[in-house]
Amino acid sequence: MPVTAVIGAQFGDEGKGKILDYLTANADFVVRYQGGPNAGHTVVPHEKPVVMHQLPTGILREGCTAISGPGMVLSPGDLLNEIQQLKSQGEFRGRLLISERAHVILPLHRVQDAWEEEVRGAMRTGTTGRGIGPAYMDRVGRFGLRMADLQRPELIHQKLELLYTAKKHMTGTTQELPPKEELAAQLVEEGKALAPYLCSTEPILWEAAREGQHILLEGAQSALLDIDYGTYPFVTSSHPTAAGALVGSGLPPQELDSVIGIVKAYSTRVGSGPFPTEALGPEGERLRERGAERGATTGRPRRCGWFDLVLTRYAARLNGFTSLAMTKVDILGGEPEVPICIGYELPNGEQAEDYPPVLAEDLERVTPRWRTFPGWAEFTPTLMRRLHEEGWRALPRELKRYLSFVGEEVGAPVTLVSYGPRREDTVEIPVGGLEPASALEEWRST
Ligand code: GDP
């Protein structure tokens, strides 16, 4: 499909980087459409892991054009470091373009991030502290600097003046901020270093879409962290959803051909916010250890739990998933049973199946209803070898049933399954390839 949006369907860390890296084999363009250095996709193109923060995964493929798109907020210094790092690892293989419309994250946004979390106290959103939220606030507030400004020193000075006045008004002081002149000089230098990559990226994409070239739209965060449709206020400050992929890339809606939802075989969440299927105690700890669930950007331990059909059905409706990719099925290999949340009971006794409560405070108080599936075999070297040789048919029978059930319940078939971090640990399932879940042995309900 020429234009495909690849959307995290849960709270993030589903393994979007891994699936994107697999899909880039057939992509001419990969566009990151939201977020900034708060993302940390871990990709293992060969043997060594590479962590992508502000660069799209397409940069790892020769012949692919990777675009840091208009919907992003970018930290120029960190971006230069990331480029340098990838070059030194020999992984900077594609062509990089950076949108002139992307907004700039400044050191003062980080100061503001810390200040805001302090003000929020118990209502902390658990940000990564990298100034992403405040940079998006300045974008909406029309105080922001864009990458295009970095090419014009006189505009940098003028806009910083305004920004510092606004910050003083907000926080009562600018004492903690770096001196304005120093920052302006630094931005001029960074602007010079980034100049070879900067351009207006939309016309290039319009042309590519018209020619039927393959374009992947890459999200950084995930649907349930969308500023409007996620678990507000425990959300990110942009739109990781499919609609956001269009706004953040500049492509018109009718160009979008397919939307792949990425789900992990279980669920995780970093930071605060409601997580109805969270497994507390030793069960959660086991998932965390087995899945090495720690943030790629911050190293923070992730909260772990089971697959949530209510939230995934909701994400599917919101994004129009045409298919699903499920990752980390190997992590559950050897579990005797795999529970899955099929609905919520709300405190007032009502049931929810595909639309979670709007208020985070209410989502905290739902009681999941579970169905328990028999677990599947461990991913031993023998099974891995068979999967490499025979493809999806070699997947354990119990796992096929789980995949079939999830696809049916979510309303989008699972067509990609990832069973390890490497590119080759992936199988494709043709649509209709899996037997219907109902045709398989009865599951046990709890
Ligand atoms: P993203 O931000 O959604 O790309 O996710 P992260 O990179 O934060 O986390 C995914 C982690 O799981 C990375 O370390 C990946 O290398 C790893 N990973 C991805 N898919 C699989 C899989 O199928 N099995 C295993 N064991 N690890 C995987």
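A contact here means heavy atoms within 4.5 Å. By that criterion, residues 24 or more positions apart account for 77% of the contacts in the chain with a separation of 6 or more. The model is predicted, so that local features need pLDDT of at least 70 and side-chain atom pairs count only at pLDDT 80 or more, whereas totals for chains, interfaces and linings use all residues. Residues are numbered from 1 along each chain as its sequence is written, and side-chain values use heavy atoms, with hydrogens and water left out.

Along its principal axes, the C-alpha trace spans about 70 × 50 × 40 Å. Of the 446 residues, 56% are buried, where buried means under 20% relative accessible area, exposed over 50%, and partly exposed in between (1.4 Å probe, protein chains only).

Turning to charge, a search of the whole structure finds 25 salt bridges, each defined as a side-chain nitrogen of Lys or Arg within 4 Å of a carboxyl oxygen of Asp or Glu. One of them pairs R302 with D13, with the closest N and O atoms 3.2 Å apart. This pair links distant parts of the chain, 289 residues apart, R302 lying in the loop between α9 (281-291) and β13 (303-305) and D13 in the loop between β1 (3-8) and α1 (16-23). R302 is buried, at a relative accessible area of 7%, while D13 is partly exposed, at 26%.

Another salt bridge joins E409 and R313, whose closest N and O atoms are 2.7 Å apart. E409 is partly exposed at 31% relative accessible area, and R313 is buried at 11%.

Note on methods
Helix = DSSP H or I, 4+ residues; strand = E, 2+ residues; numbered from the N terminus.
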